[in-house]
Amino acid sequence: MMRYAKCLGSLNVSALAYYYGYCCIFRNVIAADDDPNRNFGRMYKWRNLQEGFQEAKICRKPIFLLIHKPGCPTCEKLKPKFANSIRILDLSQRFVMVGVRKGEISAQDEARFQPDGTYVPRILFFTPDGEFMRDIYNRHPKADDKYKYFYSSTSQIIDSMILALERCSVKNR
């Protein structure tokens, strides 16, 4: 009888460990349902403004800041392109990915995140120390100079991500 009790005890411990492991693995997926950035890709590790800027300082990674607005037709058009881009996902591992809804930025921070207007979607890049990289913008020949930080295609975003990484690696030498 004692042998069965030991076995049953280890089964309970095994089941608990399995459940705990399952919850740890899938915690981010479950929490992603509450994430306002989830439509830009569940595979990305999205952070809010405060978490993102803190993490960047610690990890020494540049910041990719996406400002969007739910229901915005242009944002909705970009979401599936962004979410399905393997190259952006790959590059994102070298950034702290920060996603913010347009109305979530505090009044004191608004000017910092609106270098040329309040349009959305807007993608801005910052150094690991939180310094805005004003020179990293959409340089595509057909890009609108009036909206430098607006991107309509993944290739435009990828080009700017690569430029931001190059700029940060040169700065850290």
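**Aromatic pairs and a buried glutamine**

Q: In which helix is the place of glutamine 156?
A: This is a predicted model, in which local features need pLDDT of at least 70, side-chain atom pairs count only at pLDDT 80 or more, and totals for chains, interfaces and linings use all residues. Residues are numbered from 1 along each chain as its sequence is written, and side-chain values use heavy atoms, with hydrogens and water left out. Helices (H or I, at least four residues) and strands (E, at least two) are DSSP runs, numbered from the N terminus. Glutamine 156 falls within residues 154–171, which is helix H5.

Q: Is glutamine 156 buried or exposed?
A: Buried means under 20% relative accessible area, exposed over 50%, and partly exposed in between (1.4 Å probe, protein chains only). Glutamine 156 has a relative accessible area of 8%, so it is buried.

Q: Which backbone nitrogen lies 2.8 Å from a polar atom of the side chain of glutamine 156?
A: A polar contact is a pair of N or O atoms within 3.5 Å; within protein, one must be able to donate a hydrogen and the other to accept it, and residues adjacent in sequence count only if both atoms are side-chain atoms. The side chain of glutamine 156 reaches the backbone nitrogen of serine 153 at 3.2 Å. The backbone nitrogen at 2.8 Å is that of serine 152.

Q: Which residues does glutamine 156 touch, not counting those up to four places away in sequence?
A: Contact means heavy atoms within 4.5 Å. With residues up to four places away left out, glutamine 156 touches Asn138, His140 and Tyr151.

Q: How many aromatic pairs does a search of the whole structure find?
A: Rings of Phe, Tyr and Trp (its six-membered ring) pair if their centres lie within 6.5 Å; planes under 30 degrees apart count as stacked, over 60 as edge-to-face and the rest as tilted. Across the whole structure, the number of aromatic pairs is 15.

Q: How many residues apart are phenylalanine 64 and phenylalanine 125?
A: These two rings form an edge-to-face pair, 5.4 Å centre to centre with 85 degrees between the planes. Phenylalanine 64 is in strand E2 (residues 63–68) and phenylalanine 125 in strand E4 (residues 122–126), so the pair links distant parts of the chain, 61 residues apart.

Q: What is the relative accessible area of phenylalanine 132?
A: Phenylalanine 132 forms a tilted aromatic pair with phenylalanine 126, at 5.4 Å centre to centre and 45 degrees between the planes. Phenylalanine 126 counts as buried because its relative accessibility is 0%. Phenylalanine 132 is also buried, with a relative accessible area of 16%.
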